[in-house]
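Hi,

Here is the structure I promised to pass on. Could you open it alongside this message while you read?

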Amino acid sequence: MRILLVEDEFDMAAALTAALIRHDIVVDHAPTLEIAEEASRSGLHDAVLLDRKLPDGDGLSLIPFLRREQVGLPIIVLSALGSSEHRVAGLDTGADDYLAKPFSTDELLARLRAVMRRPAQIGESSIKVGQLRFNLTARHAEVADEPLDLTRRELLALEILVRRTGRTVARSALEEAVYGYDDEIASNSLDAHISRLRRKLSGAGVEIHAIRGLGYLLRAAT
Ligand code: CA
């Protein structure tokens, strides 16, 4: 899972990011509405955690934009503005959930799981290519009904390739999907992940082609 965390307090953002990473969630951090809007255009996020009091406005003002970009995107507001009126305003603006600060990480994770289970996700819950089935909701891959044992980064790389089956995925988009903005990326590590993925997918009827100078493309084997 990859989430966009919109939060201007760096201590709060760092603590949340650390907690989420421990649960294999990739976090992209945006400290302002402007950066959040730009980051959300990538379409890579599975959910947004949205603070309200931001340097360039109320986080709620971003919700209509997020909804237009990605209709089913789960949005959870995390705010110190926790009165009943504030929560009602958040939910009426289109947030899926509203968590008043302070909250426990366990509760946040439970609410994330809850919003991810909702039916907006069901329409595209799994994608099949050859013998490979990638379940987008549960985030796992199977070959001929046998679970594929993948590392977190392999899974993230496979997901973006599968979502864009038959199309070239730019190297930069893959790196962005596999690594958080703050991760150090060794120059050949993406290629190493792809080689391991290819080995694990042997016999799955799926090919991953390197497109020189551009990126990678996944398609059913011919
Ligand atoms: Ca704030």
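**What I found**

Let's start with Thr32, which counts as buried at 17% relative accessibility (buried is under 20% relative accessible area, exposed is over 50%, and partly exposed is in between, with a 1.4 Å probe and protein chains only). Before you go further, note that this is a predicted model, where local features need pLDDT of at least 70 and side-chain atom pairs count only at pLDDT 80 or more, while totals for chains, interfaces and linings use all residues. Residues are numbered from 1 along each chain as its sequence is written, and side-chain values use heavy atoms, with hydrogens and water left out.

Back to Thr32: you'll find it in the loop between strand E2 (26–30) and helix H2 (33–40). The labels come from DSSP runs numbered from the N terminus, with helices (H or I) of at least four residues and strands (E) of at least two. Skipping neighbours within four places in sequence, Thr32 is in contact with Val6, Pro55 and Asp56, where contact means heavy atoms within 4.5 Å.

**The calcium site**

Which residues hold the calcium ion as protein donors? They are Asp8 (OD), Glu9 (OE), Asp51 (OD) and Lys53 (O), at 2.2 to 3.1 Å from the ion. Donors here are N, O and S atoms within 2.8 Å of the metal, or 3.2 Å for Na, K and Ca; water is not among the atoms, so sites may look incomplete. Along the sequence, the spacing of the donor residues reads D-E-x41-D-x1-K. Asp8 sits in the loop between strand E1 (2–6) and helix H1 (10–21), and Asp51 in the loop between strand E3 (47–50) and strand E4 (53–54), so this pair ties together parts that are 43 residues apart in sequence.

Are those two aspartates buried or exposed? Asp8 is partly exposed, at 23% relative accessible area, whereas Asp51 is buried, at 4%. From Asp51 to Leu81 it is 9.5 Å, C-alpha to C-alpha, although the two are 30 residues apart in sequence.

Pro102 itself is in the loop between strand E7 (97–100) and helix H5 (105–116).

**Helices packed around H8**

Helix H6 (residues 152–163) packs against helix H8 (residues 189–200) at about 80°, with the axes 10 Å apart. Axes are lines fitted to C-alpha atoms, for helices over the stretch in contact, and angles run from 0 to 180 degrees between N-to-C directions. H6 is therefore roughly perpendicular to H8 (65 to 115 degrees; under 35 is roughly parallel, over 145 roughly antiparallel and the rest oblique). On the H6 side the contact involves Arg153, Glu154, Ala157, Leu158 and Leu161, and on the H8 side His193, Ile194, Arg196, Leu197 and Lys200. By class, that is five nonpolar, one polar and four charged residues (nonpolar: Ala, Val, Leu, Ile, Met, Phe, Trp, Tyr, Cys and Pro; charged: Asp, Glu, Lys and Arg; polar: the others, Gly among them).

Helix H7 (residues 171–178) crosses H8 at roughly 80° as well, with the axes coming within 11 Å. That makes H7 roughly perpendicular to H8 too. Arg171, Leu174, Glu175 and Val178 of H7 meet Leu190, Asp191 and His193 of H8.

**Two nonpolar cores**

The largest nonpolar core has 32 residues, and the members touching the most others are Leu132, Leu158, Leu161, Leu174, Leu201, Ile208 and Leu218. A core here is a set of buried Ala, Val, Leu, Ile, Met, Phe, Trp, Tyr and Cys residues joined through side-chain atoms within 4.5 Å. H6 gives this core its largest share, seven residues. Leu201 touches Leu132, Val143, Leu148, Leu158, Val206 and Ile208, not counting residues up to four places away in sequence. A second, separate core of 20 residues includes Val6, Leu62, Leu73 and Leu81.

Asp24, in the loop between H1 and E2, has a positive phi near 65° despite not being glycine. Asp145 has a positive phi as well, near 70°, and is in the loop between E10 and strand E11 (146–147). Asp24 is partly exposed at 47% relative accessibility, while Asp145 is exposed at 64%.

Cheers
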